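Visitor: I would like to go through this model with you, one question at a time.
Guide: Please look at the sequence and the structure first.

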Amino acid sequence: MGAFLNKPETKKYNESGEGNGLRYGVASMQGWRVEMEDAHHAQLTLNGTLSDWSYFAVFDGHAGARVSAHCADNLLECILQTEEFRRDDIAEAIRAGFLDLDKKMRELPDLSNGVEKSGSTAVCAFVSPKQIYIANCGDSRAVLARNGAPIFATRDHKPELPSEKSRIVQAGGTVMIQRVNGSLAVSRALGDYEYKKVLDRGPCEQLVSPEPEVSCHERLESEDEFLVLACDGVWDVMSNEALCAYVHSLLQLTDDLVAITNQVIDTCLYKGSKDNMSIVLVVFPAAPKPDPEAQRADRELDETLRQRLTAFIQANAGADDEDASSRFSRVLKQLVEENIPGLPPGGGLAAKQGLLDKIYREFYPEHTDSSETFDCQTEIAESLGSN
């Protein structure tokens, strides 16, 4: 199956914590990819006089996990050690830290000799008592939500963007099939030194640039709900608006951030993501709290889905020429056509697909989870559409 496994690896890594008035949860999953190349870093308290600052980051590796792992371990320190950080020029310090890390990492033996060719996108955030600094390099993305909607999102660095394409062409490269030299799908990344060999140009003028875009946002205590940092395995199947609406709704059901982040990446898997998936969810004091009415409505939705799926199963019981997966796909399409009200905003029917699998298995014990069959998952994801 090329770059994909025969069935997805759904075991998750989780992490959570609370401090500085923040709560965070992490979930990461290998999914269909043959290797887990994502990495992350979450630190609620920085050292010394920065004890009221927090740092969060997600790194999405490609062509290997070496660079993403190194960045997760070292980017924060590279930023904190810059002269710009000591001068409280935080935005410029973040930029300088990215460039310094990329320069130093290039000298690592396995990277300098060309044996290791991996690279990594990066998205990170510093949360201080008054500001949120957000930086991204590549197509991992951060979204800040207020009142259940995105008020800021980082820009994905793709080769077809006019400013990115101009730099690539000026460095002697091309953009083909929306990739640098027809190969790399991002135009900015750490590592990827085979794309950083133009001798008469600086580090930010290469085919692939290590320079982040940095923004600063004043915190609004009464409105800031949450910040999401995630790799493109999440964003490939969820828009900024959909993910914010979905997380907002999940926060009304539980305050368990690990459960919420797990639910998000499971839903992305059901929606058809074939990539590694990592998400860091940072929750501010103004975030929704578990609401008994929302919890009751969710239980009622589950019961409605059970009744409707059971009715479809019984109506299709005579279709013995189909295997269980084909029957499941067909009845799921019937549920989609019913346009059932009250489905989780942003998540839709995919948010309940695990429940539907469980119910279906009560009638057909041989039924495997619908996320575990590549062709079946693709067909189901297409049938779910925007639901």
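Visitor: Which cysteine sulfur is closest to the sulfur of Cys 78, and how far away is it?
Guide: This is a predicted model, where local features need pLDDT of at least 70, side-chain atom pairs count only at pLDDT 80 or more, and totals for chains, interfaces and linings use all residues. Residues are numbered from 1 along each chain as its sequence is written, and side-chain values use heavy atoms, with hydrogens and water left out. A disulfide requires two cysteine sulfur atoms within 2.5 Å. For Cys 78 the closest cysteine sulfur is too far for a bond: it belongs to Cys 71, at 8.8 Å.

Visitor: How many disulfides does a search of the whole structure find?
Guide: The sulfur of Cys 137 is also too far for a bond, with its closest cysteine sulfur, in Cys 71, 8.9 Å away. For the whole structure, the search gives a count of zero.

Visitor: How are the rings of Phe 85 and Phe 126 arranged as an aromatic pair?
Guide: Rings of Phe, Tyr and Trp (its six-membered ring) pair if their centres lie within 6.5 Å; planes under 30 degrees apart are stacked, over 60 edge-to-face, and the rest tilted. By this rule there are eight aromatic pairs. In the pair of Phe 85 and Phe 126, the centres are 6.2 Å apart and the planes make an angle of 50°, so the pair is tilted.

Visitor: Is Phe 126 buried or exposed?
Guide: Buried means under 20% relative accessible area, exposed over 50%, and partly exposed in between (1.4 Å probe, protein chains only). The relative accessible area of Phe 126 is 0%, so Phe 126 is buried.
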